[in-house]
Amino acid sequence: MEPEIARKGTVQRHAHREESLPSEFAAWYHEYQSAVYRYVRFRVATREVAEDVTSVVFMKALRAFGRYDAERASPKTWLLRIARNAVTDHLRSLKRRGSLHVSLDRIPDLVADIPSHEERVIRQERIQRLLNGARRLRKADQEVLSLRYGAGLDNSEIAEHLGISNNAVAVRVHRALKRLKASVEDEAAESIDQ
Amino acid sequence: MNDIFHHLDDGELPDDLRSLDRELSSIRYEERPSFAPELRAELARAWAEEPARRHRAAWRHAAAAALVALLLGGASVPSARASFVRLVEALVPAGAVEQTPAVASEWPSVAPAPEPADEAAASETPSESVVETTTEVEAEGPAWVLPQMLDRVEAEEMLRDAYPAALQLGGIGGTVRLRLWVDDEGRASEPSVVRSSGFDELDRAALRIVPRFRFVPALQRGSPRGTFIEFPVFFNPEPERSGRVLDPVVDPLGMPTIDRADWWQLSQPLDLEALSESGWRSEPDSDELAAAEGSLISALADPSVLERYGPASTILAGVAPESVMPTEWRAAVGGALGAAMEEGTETPAALLALGRIRVRQGVRAEARRLFERGLRMAMRSEPPTSAWVVAELHYQRGTLVRDNWRASKDVGRVHAEAFASATCTAARSSGGVGTGFASVERLIAWNYLCPGEMRAVFKAGFEPRQSGSAMDLTLMMASYRAAIEAYPAHVGANTDFLVTLFSEGRWEDVLRGARRLTRVSEGHPNGLMLAGMALQRLDRSDEAAEHFRAALERMDPADADQLADVGMLLGPDDRTRYRRLPIEERRAWVREYWSTRDPDPSTEVNERWVEHLARSSYAHLALGGVFGDAGEVWIRFGEPETVHIVDGGSGRLTEFWDYGSGPDITFVRWVSSRGTDLTPEGRAYVDDLGRSFSP
């Protein structure tokens with residue numbers, strides 16, 4: 001029980017409720033929120049959906065926080081696993097409703113460091129083509145690409161995450177990129193034919 | 001941000017994949033800055049509720065799990081549903097739980113009345129203590145089964161259709177919490193709003209629709225029972241989430257709703273004689289302006305801002321007084337208004353003023369957000385916001401959208417292969433190959449060297465850019481429409497709306513809209529000019545002439561002289577002499593000029609003069625003035641048969657105006673600016689054309 005005098009200070013506490021997250025979880029959030037978001041964003045169509053799915057990931061993680069086992073996975077791996085399931089669930093729900101793709105004019109948040117507006121627009125289109133292409137790949141390819149280019153993991157981290165060897169990761173990345181390249185080129189050829 | 005990629009080991013990749021690897025690694029994902037803190041606060045709230053939750057009955061956990069499943073399963077609006085989760089949890093009183101176990105129900109969630117103490121009373125006067133839950137539990141004890149929706153997909157479709165398009169386009173949405181009586185045959189009635197969305201129109205739309213939902217009635221121990229249910233209805237303005245694609249639903253060029261009321265009146269000619277002698281009504285009128293200024297002043301915590309930076313009317317207009325350096329003024333006033341926002345004292349008028357300042361400072365995305373925020377606020381505020389401020393917020397937002405639209409409308413690129421079949425060899429070496437698309441320089445050179453083939457080149461190789469152009473048009477017109485509906489005498493919104501309709505060939509609508517503008521503004525020249533332009537296109541030159549004459553009489557004499565000016569129709573020598581004359585003699589020249597150029601002397605009206613006025617009116621209203629390059633070409637040669645716009649990169653657009661013979665006339669326009677100027681080659685060509693006038 002807190003002493004009475006301390007309780008009077010609760011106004012301040014309510015104003016800063018984030019203080020009340022378990023400190024370890026707060027630290028994870030601080031450190032990995034961005035990686036989770038980027039991982040999710042790599043695989044879903046829009047910023048809004050990425051935000052929603054990221055929210056679900058951390059909400060689930062918070063609920064399951066007590067069951068986290070440090071011996072089985074690092075916090076980052078654990079969070080990314082939850083994220084993978086959340087993305088899968090999201091995509092499954094989309095499949096029931098229709099398209100996985102997004103038109104090119106809906107992607108204002110994907111950019112590269114490019115100075116002019118014009119180049120930025122072209123670049124955004126290119127990025128969206130790449131991501132749409134990635135979404136046509138098989139799940140395992142999508143997973144390895146989003147871990148590498150979305151969450152920014154290096155090969156050894158991906159290896160830990162997937163439970164395979166570093167060598168196998170390199171091979172998978174290589175193959176996924178090759179298939180992505182083909183997928184994007186196919187799509188470009190198709191759109192010219194049309 | 002990209003630092004995290006430095007450790008990526010791409011050494012094992014072959015060259016052709018390495019560039020793809022680098023490309024993927026360089027993608028940045030711009031997070032909404034407030035997202036991380038918002039989510040963190042959300043998590044903290046959830047965590048704070050956690051201990052209480054643990055004490056509740058075990059089925060509640062099942063409920064949460066079911067909801068998470070719902071969230072992830074059929075969810076189209078997870079974040080809205082997340083708040084729904086909280087709502088559900090907050091509303092279920094622990095005591096009610098044991099008495100009212102329930103079966104699963106999908107969204108909208110529905111709930112049984114608690115078991116009534118007296119059965120007769122329950123069926124006649126349903127209990128007010130409505131309980132909501134969404135869960136899946138085995139029935140035990142007194143078995144209540146919730147009403148179930150017969151067809152959820154149908155219900156969602158009905159709701160989507162009921163969403164007022166103007167609100168959706170305006171980015172306005174919300175959640176209405178409703179109560180509904182579902183009788184023992186599953187019929188719904190007596191809808192009422194438990195918690196408003198804050199927008200009457202949304203509430204009304206929901207109320208209108210929900211009685212059409214169909215249910216399986218609630219069951220108590222197996223017998224059907226009437227019961228009240230409560231549920232939220234979400235209106236999300238983003239088409240991506242609401243599932244509604246806007247384009248096919250609304251006519252982007254539709255008229256404002258006020259027109260439907262006086263359709264008959266608008267089909268009647270204007271009584272030009274009856275227009276007041278004293279000029280048109282000023283906009284906004286003094287009451288509206290006073291209300292707007294009052295709203296602005298109330299936002300400013302520090303009244304000395306007004307003393308230092310000028311009267312409220314100046315700040316509201318976002319234009320610095322002449323005595324001050326505008327950049328400094330904007331920084332200071334912007335700071336004061338920004339401070340009001342931080343303190344939470346902002347008002348729609350203050351947001352309007354700040355948005356206008358931001359536009360001039362080049363922060364257009366922020367400006368748009370400010371206008372939209374102002375609109376949302378205006379919808380809710382008590383006392384009601386001045387209608388003119390609402391109209392102005394819509395209008396300013398519309399002009400920002402228009403700039404986007406203009407940046408992508410008709411814009412495209414030309415495939416280099418389009419030149420392959422060309423027979424003209426003069427320009428074959430003019431660069432620009434390699435990217436697969438012809439460079440602008442090559443197109444311009446080809447245009448003037450081989451004019452006969454330009455049309456074929458565009459036909460074979462012009463590829464319009466994929467863009468949000470249609471959406472921008474829809475949004476722009478919806479903004480103008482909303483402005484006109486809020487304040488029918490808004491001259492800017494009416495003018496831009498009607499000019500767009502005009503360029504889309506909707507003459508009848510332009511005529512109606514122009515008549516309305518003329519009536520409500522008591523004779524604003526823009527209304528008269530637009531009516532004249534439409535009448536001229538409808539081959540009613542005599543009526544058009546009357547409207548142009550009325551417009552010239554009523555506008556500022558200097559403007560009238562510009563509109564009637566014939567200098568650019570003269571040859572070089574005559575033009576020099578004409579320009580040097582005093583104004584009275586110039587006017588005489590104009591009269592003399594037209595008296596000798598009547599294509600059909602058997603009619604009372606000079607059709608060529610009417611056409612000239614129609615062209616200069618368009619140049620004045622749509623092309624940035626009669627003396628600009630685009631205005632000059634339009635007045636001299638009329639409307640081009642086709643226009644192709646080629647994107648030269650870095651925000652530079654090159655326009656090719658095709659008049660059917662000779663080379664296209666070429667202009668350059670910057671995305672960020674309003675002006676359209678001839679390219680040097682275009683200027684030389686237009687000057688060569690000398691005294692041409694081809695109505």
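Predicted model: local features only at pLDDT ≥ 70, side-chain atom pairs only at ≥ 80, totals over all residues.
The glycine belongs to helix H19, residues 387–408 of chain B. With a relative accessible area of 0%, Gly398(B) counts as buried, because the cut-off for that class is under 20%.

**Chain B as a whole**

The secondary structure of chain B comprises 32 helices and 15 strands. Of the 695 residues in the chain, 52% are buried. Among contacts between residues at least 6 apart in sequence, 67% link residues at least 24 apart.

Asn526(B) is located in helix H25, which spans residues 525–537 of chain B. A relative accessible area of 12% places Asn526(B) in the buried class. When residues up to four places away in sequence are not counted, Asn526(B) touches Val491(B), Thr495(B), Leu517(B) and Leu621(B).

Asp539(B) is situated in the loop between H25 and helix H26 (541–554). Its relative accessibility is 70%, so Asp539(B) counts as exposed.

Most residues other than glycine have a negative phi. Asp539(B) has a phi near 60 degrees, a positive value in a residue other than glycine. Asp410(B) likewise has a positive phi, near 60 degrees. Asp410(B) occupies the loop between H19 and strand S10 (411–414) of chain B. At a relative accessible area of 39%, Asp410(B) is partly exposed.

| Residue | Relative accessible area | Class |
|---|---|---|
| Gly398(B) | 0% | buried |
| Asn526(B) | 12% | buried |
| Asp410(B) | 39% | partly exposed |
| Asp539(B) | 70% | exposed |

**A negatively charged surface patch**

Which residues gather in a patch of negative charge on the surface? The patch consists of Asp271(B), Glu273(B), Asp542(B), Glu546(B) and Glu604(B). One of these residues, Asp271(B), lies in the loop that runs between helix H12 (263–266) and helix H13 (286–299) of chain B.

Notes:
Residues numbered from 1 in each chain as written. Chains lettered and ligands numbered in written order. Heavy atoms only, no water. Patch = residues over 30% accessible without salt bridge, like charges linked within 9 Å, V, L, I, M, F, W, Y side chains within 5 Å. Areas by Shrake-Rupley, 256 points an atom, 1.4 Å probe, with all protein chains shown as cover. Salt bridge = Lys/Arg side-chain N within 4 Å of Asp/Glu carboxyl O. Lys, Arg positive; Asp, Glu negative; His and termini not counted. Charge placed at Lys NZ, Arg CZ, Asp CG, Glu CD. Helix = DSSP H or I, 4+ residues; strand = E, 2+ residues; numbered from the N terminus. Buried < 20%, exposed > 50% of the residue type's maximum accessible area, 1.4 Å probe, protein only. Contact = heavy atoms within 4.5 Å.
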